[in-house]
Amino acid sequence: MNNVYVSSIEEIVQLLLHVGGKRTVLIEGDMGIGKSSLLKTLKRLLPDHIACLFDCTTKDLGDLFIPDLNRKLGCVSFLPNEQFGIHLDKPLILMLDELGKANPSVKNALLVVMLEHMIGNQQLPEGSIVFATTNLGAEGVGDMLPPHARNRIITVRMRKPSSDEWINNYAINNDVHPSVMGFVREFPQVMQSFTEVNSPDDNPYIYHPKRQAKSFCTPRSLECASDILHQREHLSDDTLTGALIGTIGERGALDMMAFVKLADKLPTLESIKTDPMNAIVPDSASAVCMVVYRALASLDKAWIDAWFKYMGRLSKEAQGLFALGIKPDTYKNKSLVTTNKSFTAWCRENNYMFGADKSESLI
């Protein structure tokens, strides 16, 4: 990504919130990194808006509007597709998904939507936000937009999250399996973009347009792998491995299975809840990381004190990993942890690990 200005998903959200009401923003990025999830994020931040997904890949020109004969006025009007949401008469968050793959006629028909924020002759309700998504042209999956269309919009590049960003800002909050989080932490290159790799052989885990691969690692396919692992008790090892190969590729699946087998040796949550001073502490650093990630994802008021007793038996590095995990404002259990007396005491005792100002910011 040399000489390319890129933004994180959090930075893109801020751009859409502050600019998307006046100008349409086109978000380009690698496949499977969460571009479409921006709609849900914006809806959460703007609960009074209506979220509208307009899937450009499934539309032909005749799907956007249909003629409506107005005999009284002696003319033909056009009724818009309901996916535009204009009939709801409320502020909209309109996502034109996969714009680059749309039929050329559909792209042309959407130009006025993107430039004027109008659907036919109707102006979008005040406060509406319009944005579009597309893959990188260099990925070779058919995303193209002509210059006259790009001149009407703002185009920005959304980067892949780093391994730590994906774990702390997304995976912990969305029930991603601890084995997947441990795998991503151990192999951060699974979050690398092909644009950073000179040869496809330099990173066998990810998609590269110069290598044919049926499956590979993306944030999206890693979450799919998590869904499979949550059902492990019902699957044989051969079936599990085969399903993972068909989801994240052979190299990623075989390496992830090592973490799956490691997960079998973790202390049960029940043992930590009921007997934190005697629950097993794994010998492997990777296994300890998985214990920490599992706790971050599942903590609740009933056993948080037991967790801090158990955490005191872990290495300082593992304790610091837990503290970093609760630091993002998006962490779902942040209030529960930061108001706990055991945690505030831990912060006072361990402020040297982060610097006094940083440890206070955890609280």
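Predicted model: local features only at pLDDT ≥ 70, side-chain atom pairs only at ≥ 80, totals over all residues.
1. Residues are numbered from 1 along each chain as its sequence is written, and side-chain values use heavy atoms, with hydrogens and water left out.

2. H117 sits in the loop between α4 (111–116) and β7 (118–119); helices (H or I, at least four residues) and strands (E, at least two) are DSSP runs, numbered from the N terminus. With a relative accessible area of 5%, H117 is buried (under 20%; exposed is over 50% and partly exposed in between, with a 1.4 Å probe and protein chains only). Leaving aside residues up to four places away in sequence, H117 touches G20, G21, K22, R23, T24, V112, Q122, Q123, L124, S128 and V130, where contact means heavy atoms within 4.5 Å.

3. The backbone of H117 also deserves a look. Most residues other than glycine have a negative phi. Phi of H117 is near 55°, a positive value in a residue other than glycine. D89 likewise has a positive phi, near 55°. D89 belongs to the loop between β5 (75–80) and β6 (92–97). H117 is buried, whereas D89 counts as exposed, at 65% relative accessibility.

4. N278 is in the loop between α11 (269–274) and α12. N278 has 59% relative accessibility and so counts as exposed. Its side chain makes a polar contact of 3.0 Å with the side chain of D275. N278 and L17 are 261 residues apart along the chain, and their C-alpha atoms are separated by 49 Å.

5. L17 belongs to the contact between α1 and α2, in which I9, I12, V13, L16 and L17 of α1 meet L38, T41, L42 and L45 of α2. By class, this contact has eight nonpolar, one polar and no charged residues (Ala, Val, Leu, Ile, Met, Phe, Trp, Tyr, Cys and Pro count as nonpolar, Asp, Glu, Lys and Arg as charged, and the others, Gly among them, as polar). Helix α1 (residues 9–19) packs against helix α2 (residues 38–45) at an angle of about 60°, with the axes 11 Å apart; axes are lines fitted to C-alpha atoms over the stretch in contact, and angles run from 0 to 180 degrees between N-to-C directions. That makes α1 oblique to α2 (angles under 35 degrees are roughly parallel, over 145 roughly antiparallel, 65 to 115 roughly perpendicular and the rest oblique). α1 passes α2 in a right-handed crossing, the near helix being turned clockwise from the far one by less than a right angle.

6. Helix α9 (residues 237–248) and helix α10 (residues 250–263) pack at about 135°, with axes 8 Å apart. α9 and α10 are therefore oblique to each other, and α9 passes α10 in a right-handed crossing. Residues in this contact include L240, L244 and I248 of α9 and L254, M257 and V260 of α10. By class, the contact has nine nonpolar, two polar and three charged residues.

7. In helix α6 (residues 163–171), the buried residues are S163, W166, I167, N168 and A171. Among the elements covering them are α7 (178–186), α8 (219–229), α12 (285–298) and α14 (316–326).

Technical notes: Polar contact = N/O pair within 3.5 Å; in protein donor to acceptor, adjacent residues only side chain to side chain.
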